[in-house]
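Take a moment to look over the chain before reading on. We will walk through it piece by piece.

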Amino acid sequence: MSGPHSDDLDLSLRPATADDYAGFAALFPELGVDDPVPDEPRWRARFLPGTWVAARDGALVGYVFFEILAGVGYVRNVVVGPRARGLGIGRALMGVAAAAMRAAGCATWRLNVMPTNAPAIGLYRALGMERRHASAALVIPWDRVEALAGEAGVSTRAIAAAERAAIEARFELPRGQLDHLAAAASVRLVRLCPTDGDTPDTPDDLGLGFAAFDVDFPGCFPFRVARPTLARPLLEGLRPLARPEHTSVGVVAEGDEALVELLLAAGARIRFRFVHMVGDLPGASTT
Ligand SMILES: CC(C)(COP(=O)(O)OP(=O)(O)OC[C@H]1O[C@@H](n2cnc3c(N)ncnc32)[C@H](O)[C@@H]1OP(=O)(O)O)[C@@H](O)C(=O)NCCC(=O)NCCS
C-alpha cells in the first residue's frame with residue numbers, strides 16, 4: 001500500500017512497517033514529554049498499527065500516530081524532525097491521518113498538546129481545531145495515596161464489557177475508547193462502586209469514577225472521578241494491580257483543577273500540562 005506523495009518535497013507518506021522502529025525512536029523525544037521511548041515490542045503492539053511515516057531520500061523525517069474510535073479520530077503523536085520543519089510535512093501527516101479517519105467514518109478529531117507548544121497549536125488551529133479543556137499529567141508515589149483526602153463506602157471492581165458504553169457516556173468520552181483500551185494487554189479497566197455488596201449497582205454508580213490503568217507505563221489515562229475525594233479509593237483499588245517494582249503511578253487529570261490541587265497537596269508532582277483540542281475533520285482537500 002502506498003500513500004499520497006508530494007513531488008514538491010519529494011516526500012513519501014506511507015503506513016509504518018516494523019522496520020521503522022529506529023526512526024520512530026529517534027523522533028519520539030521531539031515530543032518534549034518526559035515519557036521514556038517505548039521499547040520495540042510495546043511500539044509494535046501499541047503504535048505501529050496506527051502510525052504513518054513521512055520519508056525523504058529513504059530517511060524517516062516524521063510520523064503521525066493516531067487511533068480511530070467509533071466516529072472520532074484521536075491523534076496521539078505528530079512529529080517532524082527538527083531539520084525538516086516548516087516545509088508542510090506536519091500538515092501532510094495530519095492530512096493522511098484525517099483521510100484515514102474519514103474513511104473509517106469519523107466526523108471529528110481530537111488531541112492533546114502542551115499549552116506552550118506554539119508550532120503545534122498553530123498547526124492544529126490551521127486545521128480548524130479549537131481548545132476544549134486544560135489537563136495535567138501528574139505522578140504520585142503509591143505511598144502518598146494514603147495522604148489524599150478521601151471518602152469511605154466506595155471500592156473498586158473491573159469494568160464489565162457491557163458497562164463500557166454507559167461509562168463513556170457519563171464521562172463524555174468518545175464511544176469506543178474503552179473498547180480500544182481494553183484490547184491492550186497491559187491496560188486494566190477499573191471502576192468505583194459502592195462497598196455495600198448486597199445492593200445491586202444503580203446506573204448512577206457507573207458515574208462515580210473509573211481508570212484505564214496501563215500497568216506497563218505505569219499510569220492512568222483516562223482517570224475520571226465524580227469528585228476529587230473519590231481519587232483515593234480508586235487509586236487504592238488499583239494499587240494491588242501495580243507491578244511491585246513501580247513505586248509511583250501516573251494520573252492524568254482532565255479539565256479537573258480541583259483534582260490536581262488535591263493530588264498536589266498529597267505529594268504528587270506535575271509532569272506536564274496540556275490542553276485538549278477538538279475539531280471537525282477537514283474535507284477531502286487535505287489529502
Ligand atoms: C508541530 C510540528 C509537527 C509541525 O510540523 P511542521 O512540518 O513544521 O509544520 P508545517 O510546516 O506542516 O506547518 C503547518 C502549519 O502549522 C503552523 N506552524 C508550523 N510551525 C509553526 C510555528 N513555528 N509557529 C506557529 N505556527 C506554526 C502553521 O499554521 C503552518 O502553516 P503555514 O506554513 O501555512 O503557516 C513540528 O513543529 C514538530 O514536530 N514539533 C515537535 C514535536 C511536537 O511538538 N509535536 C506535537 C505534539 S502535540
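Which residues of the largest nonpolar core touch the most other members? They are W52, A54, Y63, V64, V75, L93 and A97, out of 41 residues in that core. A nonpolar core is a set of buried Ala, Val, Leu, Ile, Met, Phe, Trp, Tyr and Cys residues joined through C-beta atoms within 7 Å. A residue is buried if 20 or more other C-beta atoms lie within 10 Å of its own, exposed if 12 or fewer, and partly exposed in between, with C-beta atoms placed from the backbone. Helix α3 gives the most to this core, with eight residues.

Keep two things in mind. This is a predicted model, in which local features need pLDDT of at least 70, side-chain atom pairs count only at pLDDT 80 or more, and totals for chains, interfaces and linings use all residues. Residues are numbered from 1 along each chain as its sequence is written.

Now look at L93. Leaving aside neighbours within four places in sequence, L93 is in contact with L13, W52, A54, G62, V64 and V78. Contact here means that the two C-beta atoms, placed from the backbone, lie within 7 Å. A second, separate core has 37 residues, including V145, L189, C193 and F221.

Next, the strands. Helices (H or I, at least four residues) and strands (E, at least two) are DSSP runs, numbered from the N terminus. Two strands pair if DSSP finds at least two bridges between them. Start with β5, where seven of the nine residues are buried. Strand β4 (residues 59-68) runs antiparallel to β5, and seven bridges join them.

V154 has P194 in β9 as its bridge partner. Five bridges also join β9 to β10 (residues 209-214), again antiparallel. L189, a member of the second core, has A212 in β10 as its bridge partner.

How is the chain divided? There is a domain 1 (5-106) and a domain 2 (136-275), with bounds from an automatic or database domain assignment. Their C-alpha centres lie 29 Å apart. Nine residues of domain 1 are in contact with nine residues of domain 2. The domain 1 side of this contact has four nonpolar, one polar and four charged residues. Here Ala, Val, Leu, Ile, Met, Phe, Trp, Tyr, Cys and Pro count as nonpolar, Asp, Glu, Lys and Arg as charged, and the others, Gly among them, as polar.

Finally, the ligand. Of the 21 residues around it, R85, G90, R91, G122 and L123 come nearest. A residue belongs here if its C-beta atom, placed from the backbone, lies within 6 Å. β5 (72-80), α3 (89-103) and α4 (118-126) each give two or more residues to this shell. The largest share, six residues, comes from α4. By class, the shell has 12 nonpolar, six polar and three charged residues.
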